[in-house]
Amino acid sequence: MRRQQLDIQLKTPEQIELMRGAGLVVAAALDAMRDAVAPGVSTADLDAIAEKVIRDAGATPSFKGYHGFPASICASVNEQVVHGIPAAGQVLKEGDLVSLDCGAVLNGWHGDSAITVGVGETDPALLRMAAVAEDAMWAGIAAAARGAANGRGRLTDISFNIEKAVRKAGRFGIVDGYGGHGIGTEMHQDPHVLNHGKPGKGPRLVPGMCLAIEPMITMGSPRTAELDDGWTVVTRDGSMAAHVEHTMALLDDGVWVTTAPDGGRARLGDLVTARQPALGSLAE
């Protein structure tokens with residue numbers, strides 16, 4: 001099924017179940033990397049950890065070889081916003097802030113998610129920035145769920161609610177030009193999902209739509225530049241950045257955050273589909 005000129009791929013509930021499998025692999029890889037982050041660990045070490053988790057699960061890293069990208073994760077440290085290439089020479093230091101972005105494909109379906117983690121003792125202001133980005137991501141996902149449920153939601157309602165959450169939290173730069181995206185049988189699909197904008201515009205939010213929602217914010221200017229490696233995006237003013245991401249799917253009875261182990265239940269409550277077990281059931 002396709003909608004509008006953007007070529008948006010709508011998924012069946014059964015296909016979303018398959019995406020959930022890929023999402024759980026990504027979640028496991030991110031958990032393993034989070035546990036390993038420490039001073040003295042290189043971003044190449046983290047890449048190796050993620051690739052092992054992904055391949056041991058019978059999945060394939062989505063990023064490796066994508067348009068020539070050489071690694072299984074993107075590891076973006078401090079002023080690096082996104083698409084940092086892991087390297088043995090990039091060794092984490094006390095107080096660093098690192099974004100770890102990971103994707104996996106399982107049975108032909110993709111999951112994509114990112115976390116931002118402090119290394120050792122980290123400036124609380126930086127950890128707060130990461131928390132603001134995460135809260136904004138969840139605000140965007142919640143807006144999508146509500147909009148799909150009431151039948152009035154549009155794509156930019158997600159963008160608007162992300163921006164509103166960031167602006168309410170303080171003076172952060174919202175990176176322009178980069179954002180979320182559709183996801184399914186390819187890692188990147190229509191539509192592009194900006195992290196700012198006016199509500200009520202763009203395609204309708206309907207069941208079957210699957211999106212990766214990924215705010216990127218900075219402690220300073222939102223302006224960025226790409227390094228000579230052709231991948232790494234950095235802040236122009238050298239300010240620190242945070243980047244988080246989850247893959248979400250809209251169903252007839254709610255949203256399913258396929259890359260969250262609890263499906264999003266802790267943050268979204270009854271907005272989550274009944275296909276995702278309740279929190280109590282998960283603990284049993």
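Modeller: This is a predicted model.

Colleague: Which annotation covers residues 17-249?

Modeller: The range comes from a UniProt record, an unreviewed entry. The feature that the record places on residues 17-249 is "domain: Peptidase M24".

Colleague: How many strands does the chain have?

Modeller: The chain has six helices.

Colleague: In E17, what is the bridge partner of Leu251?

Modeller: Strand E16 takes in residues 246-251 and E17 residues 254-257. They run antiparallel, joined by four bridges, and form a hairpin with two residues between them. Leu251 is bridged to a residue of E17, namely Gly254.

Colleague: What radius of gyration does the chain have, and why does it agree with a compact globule?

Modeller: The C-alpha trace spans about 50 × 40 × 40 Å along its principal axes. For 284 residues, a compact globule would have a radius of gyration near 19 Å, so the chain agrees with its value of 18 Å.

Colleague: What percentage of contacts between residues at least 6 apart in sequence join residues at least 24 apart?

Modeller: Contact here means heavy atoms within 4.5 Å. Of the contacts between residues at least 6 apart, the share joining residues at least 24 apart is 68%.

Colleague: What percentage of the residues is buried?

Modeller: The accessible surface of the chain is about 11700 Å², with 51% belonging to carbon and sulfur atoms. Buried means under 20% relative accessible area. Of the 284 residues, the buried ones make up 54%.

How values were computed. Residues numbered from 1 in each chain as written. Predicted model: local features only at pLDDT ≥ 70, side-chain atom pairs only at ≥ 80, totals over all residues. Heavy atoms only, no water. UniProt positions renumbered as here; feature names shortened; annotations may be inferred. Pairing = 2+ DSSP bridges. Rg over C-alpha atoms; globule rule 2.2 N^0.38 Å. Buried < 20%, exposed > 50% of the residue type's maximum accessible area, 1.4 Å probe, protein only. Areas by Shrake-Rupley, 256 points an atom, 1.4 Å probe, with all protein chains shown as cover.
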